[in-house]
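Here are my quick notes on the two chains, as promised. Have the structure open while you go through them.

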Amino acid sequence: MYLQLTNYHMANEILYALNEAQSHGEGTLSKLSLQKLLYLSGALAPIKSIVLEYLHFITEKRGPYSKDIQNTVDHLVAIGLVKIIQFEEIKGGSLANYRISEAGHTVVDLLIQYPQEADKCWWISLVTRLIFSYFHGEGLKGKNDEKIKSLVYQDPTYKNLRAKALFHHLIELDDQKGVTFKLISLMQEYIEKHRSNISKINHGRRAEILLSSFFEYLYINYLNEE
Amino acid sequence: MDDFQKLLNIFHKTTLQKLLNADSTLDVPKATSFYLRLEKCLMSSGYYDHSEMGPILLVLDTANEGTGSDMLSSDNMAQFLKSGLSKKCNVIFLHYDGMKIDRDDREDLLIENPVDACKFSSDSRMNVFFVVKNELNIFSHGEFLDCIPNLHSHNKAKKISDASLPVSEYKKLLNKHYKERICKDILMNFWQNKGGRILVAAPEDIFGKDLGYFLNENIADGFVDIECYNAWTSNRTDIRVLKYEDQKIYIFEVKWLGKSMSYKRSTTEYNDDRADVGIVQLNDYLGAEPKAICGVLVIYDARKDDIDIKWNVNIQRDARIETPVRFYLISESASERAKRVVREYKYKQKTDDN
């Protein structure tokens, strides 16, 4: 089976997420977690001026969803880069847990030789690790899937659409008028403007701290709603 | 409050962000996980039920791997405190994952106060978390970072979202602090002898720290410079609020009047001239700070009589100094106050009848 060329970049991003997930907990990601994790990676990517492939999501009742992600995962399973660890059919769909295979690891190691891919891998790994960190957050309820979902629900772009009950609505993560995009721009402008008063840190570290602020924002908003 | 302002509050005010900003060598996700687990552990019954066995100093040692048990689990923390070990050595070295790092050279180390905790942080070049009952003080490489006076009443969600007043409304905020924290006896430890109206030694540390923390939580458009909580390691006693938008500064100087007594029974008494000292200090601070647009002297008055201050008219005031705000400290208990009101009411009724 062959992947279409346009899907290669998408496949890489899935592999990066699963590669990082392997060092945490059970080393797997569920269908739902993978969707939400890649959504957050894309929504917050302007912090580091990284453009990821998954830019188009649809608002579903259980959060933002991209059919492309699921199609690509299915391809990756078919060519042996990703393994299905658990599968269960449920009413109206299925549950599955995925783990990266040894061959998948090798592919990641080769991909990150390219600086642009190394950047993307770093970013997705960082988002994945932060998500796993917040599993320890006091007040976040349910299993890990639920916790990721709770954080993603607080993403301002998705939250706005959800509040208006705009389901099956297209979310374009590269839309500069999007709420999350605008918030990131405002924060970047603020930090740039007051750079002399903010601790002297390099560009990469600044992106990490800004990303961490956004995660804290998602978490605190969740606590407030609770 | 809009989302941008919320984010600014998070960026400047949450303990985790302060920690990450202060120490650029920290791994962001690992430090996040460590701090979230630490908070959870200190709020668990495992810690709370045995917190009288403290204080304890938790040291984040990122260079060494842990070999002992996971001290950020509620059960292990309870076991440690119950064992009495904290009275022999209360310094615990932990890796990011909460695992204890056994250090033979530190087996008899006892750190009993924030000053020593700060010094330890400075000497070891590490991030340390000093916990006394429900109070958590955090130091990074010898610098004071944050203080959470009460972990159980600390609500970071509220801190970010309900900070509803701009700093320009400082009078309302000072009144709110006085009514909610001082009059309602939430801030309790400033009287040495309440009936005799005698304060503890150096009460300005208590008032200043609490007011600084309160302002930080309740100001929507700025943040409090952390130096103000740092009365034990710095000579500066003022509270500085920096506005996000234009970085303009509001300076609050806290003074007290009346009598204070140390545990060795040495007394200090301050009268009107102490308020004048506050004005002189404000003049100095404002003179040295071109970005400052407002200076306010806040006076907590423990004198016997609730009377206005007689100011020294010869002291020139910087034009940015606003009218000082004086709060008379009420030493009557709620029941005494109720009895007095009833007595006065009865007396009034009697005289009206006559």
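1. Let's start where the chains meet. Counting contacts as C-beta atoms within 7 Å, 27 residues of chain B touch 27 residues of chain A. Keep in mind that this is a predicted model.

2. Which elements of chain B give two or more residues to the side that touches chain A? They are α1 (3-13), α2 (15-22), α3 (28-42) and α7 (156-161) of chain B. The largest share comes from α3(B), with 8 residues.

3. Stepping back to chain B as a whole, the domain assignment gives domain 1 (3-148) and domain 2 (166-336). Taken over C-alpha atoms, the centres of domain 1 and domain 2 of chain B are 30 Å apart.

4. Over in chain A, have a look at the open sheet of 3 strands, ordered β1-β5-β4, with antiparallel pairing. β1 (29-30) and β4 (82-90) of chain A are the edge strands: each has a single partner strand, so one side of each has no neighbour in the sheet. As a reminder, strands of a sheet pair through backbone hydrogen bonds, either parallel or antiparallel.

5. What joins β1(A) to β5 (residues 93-100) of chain A? There are 2 bridges between these antiparallel strands.

Technical notes:
Residues numbered from 1 in each chain as written. Chains lettered and ligands numbered in written order. Predicted model: local features only at pLDDT ≥ 70, side-chain atom pairs only at ≥ 80, totals over all residues. Pairing = 2+ DSSP bridges. Helix = DSSP H or I, 4+ residues; strand = E, 2+ residues; numbered from the N terminus. Contact = placed C-beta atoms within 7 Å. Domains from an automatic or database assignment.
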